[in-house]
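The following note concerns the salt bridges of the structure shown below.

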Amino acid sequence: MACWIWSHGNRPAKHLSIGFLTIGGFVAGVMFWGGFNTTLELTNTEEFCVSCHEMGDNVFVELKPTIHYSNRSGVRASCPDCHVPHNWTDKIARKMQASKEVWGKLFGTINTREKFLAERRRLAGHEWDRLKANNSLECRNCHSTTSMDITAQSERAATAHQTYLFTGEKTCIDCHKGIAHELPDMTGVEGWE
């Protein structure tokens, strides 16, 4: 009898093991997802973006005098509003692209004002290309063509929006480069001759 109890007590319980694995996997999944989402949200703040002096001392300083930072309505666009899409899958793709920027931080490719200015045209070009490729998705998070009152715009702006934006021939970034940051040397950039 003692031998039978000993032999059954030393064998793993099949059903109990599956239950512990299921519950353990669920708890681990919840903890991973919570940590992942927390990290994602922490890296999606203006404070995080300007924590690197490369951003804080260069592009953030340029943003402050613009209408996207300070305006009569008090609505402020922060770094992630303009540089990170809002819906989840696009946000993850952008975060993966942005991981290359960490590489630049580690190796000091733009760690001085002089290096930043030397790379400014290339960096701006990457951002313009990205916005062009996604049809200015980040702009459209706040600016909707369906709610745009072109009668309140200048004649030139209304004509341009009707001719190019509403027809899909162009997207926001085609005409609004430098809307929140200083422009680099625009020699050779289409539409800026």
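1. Lys-91 and Glu-41 are joined through their side chains by a salt bridge, with an N to O distance of 3.5 Å. A salt bridge is here a side-chain nitrogen of Lys or Arg within 4 Å of a carboxyl oxygen of Asp or Glu. Because Lys-91 belongs to helix α6 (residues 88-107) and Glu-41 to helix α2 (residues 14-42), the pair ties together parts that are 50 residues apart in sequence. Helices are DSSP runs (H or I, at least four residues), numbered from the N terminus.

2. The model is predicted: local features need pLDDT of at least 70, side-chain atom pairs count only at pLDDT 80 or more, and totals for chains, interfaces and linings use all residues. Residues are numbered from 1 along each chain as its sequence is written, and side-chain values use heavy atoms, with hydrogens and water left out.

3. Lys-91 is buried, at a relative accessible area of 9%, whereas Glu-41 is partly exposed, at 41%. Buried means under 20% relative accessible area, exposed over 50%, and partly exposed in between (1.4 Å probe, protein chains only).

4. A salt bridge also links Glu-127 with Arg-94, the closest N and O atoms lying 3.8 Å apart. Glu-127 is in helix α7 (residues 113-133) and Arg-94 in helix α6, so parts 33 residues apart in sequence are tied together. Both residues, Glu-127 and Arg-94, are buried.

5. Between Asp-174 and Lys-132, the closest N and O atoms of the salt bridge are 2.9 Å apart. This pair links distant parts of the chain, with Asp-174 in helix α10 (residues 172-175) and Lys-132 in helix α7, 42 residues apart.

How values were computed:
Helices (H or I, at least four residues) and strands (E, at least two) are DSSP runs, numbered from the N terminus.
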